Amino acid sequence: MSFSILQEYLTLQFIPVDDESGVDKLYKASEQLEKKIRKDRSKIIPLTLIALDPNCYAEDALLMEVQEIIIKNWTVYVNKAGGNNLVTYN
């Protein structure tokens, strides 16, 4: 597996996964998000800023959109990631 931001988060256990299927589900969600961004490139900068902002608003519409994509692929993600308690890491 090539090194990626996702791999770093998994190594540091920022994204809890009990088995490899959780990682596969996150990869599928990231592929869907990439397709969505390619269709609407105006979201690149706002999504990047949200990803980098440790104080971003948990109910931000774009953040909720990303979470929705993850949940479509991994229905127990919210329970594993801590519900609506948004945690960001620098």
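Colleague: Thanks! To begin, in which helix is Val23 found?

Modeller: Val23 is found in helix α2. Please keep in mind as we talk that this is a predicted model.

Colleague: Why is Val23 called buried?

Modeller: Its relative accessible area is 6%. Buried means under 20%, so Val23 with its 6% is buried.

Colleague: How far apart are Val23 and Trp74, in sequence and in space?

Modeller: In sequence, 51 residues separate Val23 and Trp74. In space, the C-alpha to C-alpha distance is 9.7 Å.

Colleague: Let me step back. How many helices and strands does the protein have?

Modeller: There are 5 helices and 0 strands. Reading from the N terminus, the order is α-α-α-α-α.

Colleague: How confident is the predictor, going by the pLDDT?

Modeller: The average pLDDT is 75, and 63% of the residues score at least 70. Over residues 86–90 the pLDDT is below 50, and this stretch has 10 contacts in the model beyond near neighbours in sequence.

Colleague: Now to Lys43. Where does Lys43 lie?

Modeller: Lys43 is in the loop between α2 (20–39) and α3 (44–52).

Colleague: Is Lys43 buried or exposed, and how do you know?

Modeller: The relative accessible area of Lys43 is 18%. The cut-off for buried is under 20%, so Lys43 counts as buried.

Colleague: Which residues does Lys43 touch?

Modeller: Not counting residues up to four places away in sequence, Lys43 touches Lys36, Leu62 and Glu65.

Colleague: What makes the pair Lys43 and Glu65 a salt bridge?

Modeller: The N to O distance between their side chains is 2.8 Å. A salt bridge asks for a Lys or Arg side-chain nitrogen within 4 Å of a carboxyl oxygen of Asp or Glu, so Lys43 and Glu65 meet the rule at 2.8 Å. This pair links distant parts of the chain, with Lys43 in the loop between α2 and α3 and Glu65 in helix α4, 22 residues apart.

Colleague: Why is Glu65 called partly exposed?

Modeller: Glu65 has a relative accessible area of 21%. Partly exposed runs between the 20% limit for buried and the 50% limit for exposed, so 21% puts Glu65 in that class.

Colleague: Which residues are linked with Lys43 in a network of salt bridges?

Modeller: Lys36 and Glu65 are linked with Lys43 in that network. The structure holds 4 salt bridges.

Colleague: How do you know that Arg38 and Glu34 form a salt bridge?

Modeller: Their closest N and O atoms are 2.9 Å apart. The limit is 4 Å, so the pair Arg38 and Glu34 qualifies. Both lie in helix α2, 4 residues apart, about one turn of the helix.

Colleague: What makes Arg38 exposed?

Modeller: Arg38 has 52% relative accessibility. Exposed means over 50%, so Arg38 counts as exposed.

Colleague: What about Lys72 and Glu68: what makes them a salt bridge?

Modeller: Their side chains meet at 3.8 Å, N to O. That is within the 4 Å limit, so Lys72 and Glu68 form a salt bridge. Both residues lie in helix α4, 4 residues apart.

Colleague: Which residues form the largest nonpolar core?

Modeller: The largest nonpolar core has 6 residues: Ile37, Leu47, Ile50, Cys56, Leu62 and Leu63. Both α3 and α4 (61–73) supply at least two residues of this core. A second, separate core of 5 residues includes Leu26, Ala29, Ile69 and Ile70.

Colleague: Which residues make the nonpolar surface patch?

Modeller: Ile44, Ile45 and Leu49 make a nonpolar surface patch of about 300 Å². Leu49 is in helix α3.

Colleague: Why is Leu49 called exposed?

Modeller: Leu49 has 53% relative accessibility. The label needs over 50%, so Leu49 counts as exposed.

Key: Residues numbered from 1 in each chain as written. Predicted model: local features only at pLDDT ≥ 70, side-chain atom pairs only at ≥ 80, totals over all residues. Heavy atoms only, no water. Buried < 20%, exposed > 50% of the residue type's maximum accessible area, 1.4 Å probe, protein only. Contact = heavy atoms within 4.5 Å. Core = buried A, V, L, I, M, F, W, Y, C linked by side-chain atoms within 4.5 Å. Patch = residues over 30% accessible without salt bridge, like charges linked within 9 Å, V, L, I, M, F, W, Y side chains within 5 Å. Areas by Shrake-Rupley, 256 points an atom, 1.4 Å probe, with all protein chains shown as cover. pLDDT = per-residue confidence, 0-100.
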